[in-house]
Amino acid sequence: MTRTLRMALLAGTAMSGMAMSGMAAAQDVTLTIESWRNDDLMIWQQQIIPAFEAAHPGIRVTFAPTAPAEYNAVLNSKLDAGSAGNLITCRPFDASLELFNKGQLADLTDLPAMENFSDVARSAWQTDDGAATFCVPMASVIHGFIYNRTAFEELGLEPPRTTDEFYALLEAIKEDGTYIPMAMGTADQWEAATMGYQNIGPTYWGGEEGRRALIAGEQSLTDEGWVEPLRQLARWRDYLGEGFEAQTYPDSQNLFTLGRAAIYPAGSWEIGVFGPQIEGAFEMGAFPPPVAAEGDTCFISDHTDIALGLNAASPHADAARTFLDWVGSPEFATLYANALPGFFSLNSAPVEMEDPLAQEFVSWRETCEPTIRSTYQILSRGTPNLENETWTASANVITGAETPEDAAARLQQGLDSWYQPQE
Amino acid sequence: MAERKPFRWHVLVFLAPAVLVYTAIMIVPLIGTLNLSLYGRAGGERVWVGLQNFATLFGDPRWSGAFWNALGNNAWFFLVHMLLQNPVGILLAALLSSPRLRMAAFYRTAIFIPTILSFVIVGFVWKLILSPIWGIAPSMLDAVGLRSLFAPWLGREEYALTTLALISVWQFVGIPMMLIYAALLSIPDEVIEAAEIDGITGWSQFWTIKLPLILPAIGIISILTFVGNFNAFDLIYVSQGALAGPNFATDILGTFLYRTFFGFQLQLGDPHMGATIATAMFGIILLGVCIYLFAIQTRLRRYQF
């Protein structure tokens with residue numbers, strides 16, 4: 001009974017769907033992209049999709065984003081219900097891997113454009129053994145600090161290289177009193193973890209080496225390299241604005257773009273957002289996370305962040321593969337990196353970027369060791385999940401609700417409860 | 001001997017649509033949820049685990065810690081409503097029903113308006129009002145020389161939940177006010193007149209005559225508040241996010257359920273544990289309602305005139 005009913009409903013929906021698309025255009029195929037980047041709607045509609053449609057008549061593309069925080073929940077429900085779009089924007093690592101394992105993302109290993117990406121670029125969207133790749137890498141984001149160059153010149157300050165210089169700088173801005181030294185709040189919690197902990201952390205845990213050791217179980221979160229970034233975060237408290245406990249992420253962005261704060265712990269995705277908001281009111285600069293001592297190797301978080309995959313249940317798999325092949329092309333890479341400065345292409349082909357701030361960020365790739373966010377691969381697979389726990393812990397050490405040592409111990413305890421790495 | 005009454009088919013016919021719709025959208029999903037909580041996932045397969053999920057929820061220190069924290073917060077949220085929303089609602093209704101009050105209709109409307117606003121708007125508006133950076137709360141306090149009393153209330157562990165509860169009280173105080181107001185108006189004039197002849201007026205009239213007569217209405221309001229508060233989710237989600245910060249200080253069963261069921265950020269959703277929490281919530285609410293129905297409602301005296 002239920003089966004017949006379901007079939008009848010399905011058939012009805014399918015027929016009405018076909019009837020509607022049939023009316024719209026004779027053989028046009030419409031592809032829908034699911035994404036969490038609702039900030040990028042205009043760019044997709046005005047630049048990226050027209051460029052593709054001009055070259056591929058017969059395929060139409062619609063960009064249908066959801067709010068970032070709801071994306072995973074919405075996408076999972078849509079995929080389970082069979083109503084998800086043809087193209088799925090992939091989060092890195094486990095969230096997408098889970099979808100692939102459930103058979104909801106198609107295997108794209110044999111897509112010709114995959115050759116344009118290095119192993120590292122593909123690693124975020126591969127099975128653990130690297131045998132199958134299921135999303136076309138689009139971009140990575142780099143963490144660092146954006147600063148108000150005009151304010152720095154006014155106060156006679158230089159961007160810092162070492163941690164000591166960093167705190168001396170913050171102290172100087174605080175003493176002057178014109179600017180809030182650093183624009184960051186703890187209300188949204190992820191800001192403290194992503195722009196704080198994952199930003200300065202790699203310097204202390206030694207980038208990839210520390211990250212891999214943690215996954216292998218050779219290091220633990222209570223080790224010096226993992227506790228020290230939390231201690232550093234706790235020191236930031238004195239340099240944040242008044243009432244930072246209730247300051248949200250948009251509040252921080254506004255404080256900086258309105259010229260009230262001097263330094264903004266950033267992800268490079270802010271570049272494209274800040275530029276138009278500041279509109280030349282002041283100049284921006286950027287510096288990488290400071291190192292412990294002059295001459296130390298610097299580490300940056302160059303995080304593989306966004307990719308595009310194919311809904312395995314999509315009725316237009318061929319058209320979708322054509323689109324994905326184009327997404328893997330150098331043409332798309334150039335278009336995307338310039339339309340969205342701060343999202344750095346993962347394509348092996350060199351991409352010319354016009355934005356000076358974006359160039360500054362990407363130039364660190366030459367001098368610093370890149371790594372990705374420590375909590376993203378494998379370690380956020382279970383419950384409690386290390387990423388969300390890190391959000392709370394980072395915010396807590398800044399507000400003083402937890403000591404860095406307690407927070408680290410709690411994180412490790414949570415991880416131990418479900419993760420037993422093979423020794 | 002009287003003839004047997006014919007079976008009244010029209011009753012069934014008229015009840016059928018409501019029963020069918022209610023069964024389809026309430027009872028079946030509810031049973032589905034209860035059922036879901038008895039399964040688990042092992043290697044991608046759905047397997048029967050019996051009460052294992054409940055053992056995890058109450059036995060695993062991390063799960064039970066989060067659960068009791070959420071339940072405690074829920075209880076506090078409810079307590080604030082019971083201590084403030086309902087007494088204030090009754091007080092407002094008593095004032096409104098006073099024949100000497102002018103512009104009663106205006107006050108009634110003004111106090112009721114927030115109730116029809118969406119949670120989302122209320123959450124955002126209050127977040128803005130209380131923002132230490134852009135909000136008007138700090139400058140208003142400054143204007144009366146009380147700036148030092150201002151704190152980022154939504155960001156401090158010790159205040160956040162109470163602040164949200166007060167926001168919710170502000171929004172919903174109109175509901176008890178209206179219900180009590182209606183109850184007060186339904187008290188026959190003869191009763192009041194008799195009381196006045198006996199010399200009972202003013203506050204003592206309220207306490208001895210009116211309050212006992214509106215007690216059933218207060219009982220209904222209390223149980224509505226209880227069900228509403230233990231199902232609360234929207235306000236917390238809108239203003240504090242699914243992680244219910246700072247440091248889970250505002251985490252209630254609703255946000256805990258959402259986080260577990262649908263997943264959040266990198267955490268993958270776990271429908272089985274989510275359904276387990278939903279079942280626990282259902283049990284708590286059912287228990288509360290039963291206690292109310294059997295222990296309180298049956299003892300309330302009703303007066304007929």
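**Salt bridges in the predicted model**

Glu224(A), Glu228(A), Arg231(A) and Glu405(A) are linked in a network of salt bridges, a salt bridge being a side-chain nitrogen of Lys or Arg within 4 Å of a carboxyl oxygen of Asp or Glu. The model is predicted, so that local features need pLDDT of at least 70 and side-chain atom pairs count only at pLDDT 80 or more, while totals for chains, interfaces and linings use all residues. Residues are numbered from 1 along each chain as its sequence is written, chains are lettered from A and ligands numbered from 1 in the order in which they are written, and side-chain values use heavy atoms, with hydrogens and water left out.

Over all chains, a search of the whole structure finds 22 salt bridges. Arg231(A) counts as partly exposed because its relative accessibility is 27%. Here buried means under 20% relative accessible area, exposed over 50%, and partly exposed in between, with a 1.4 Å probe and protein chains only.

A second salt bridge pairs Arg365(A) with Asp302(A), whose closest N and O atoms are 2.6 Å apart. Since Arg365(A) belongs to helix α15 (residues 356-367) and Asp302(A) to strand β8 (residues 299-310), both of chain A, the pair ties together parts that are 63 residues apart in sequence. Arg365(A) is partly exposed at 31% relative accessibility, whereas Asp302(A), at 12%, is buried. Leaving aside residues up to four places away in sequence, Asp302(A) touches Ser140(A), Val141(A), Ile142(A), Arg365(A), Pro370(A), Thr371(A) and Ile372(A), where contact means heavy atoms within 4.5 Å.

A further salt bridge is formed by the side chains of Glu389(A) and Arg62(B), at 3.5 Å from N to O. This pair joins two chains, because Glu389(A) lies in helix α16 (residues 386-399) of chain A and Arg62(B) in helix α3 (residues 61-96) of chain B. Glu389(A) is buried, with a relative accessible area of 10%, while Arg62(B) is partly exposed at 27% relative accessibility.

Definitions and conventions:
Helix = DSSP H or I, 4+ residues; strand = E, 2+ residues; numbered from the N terminus.
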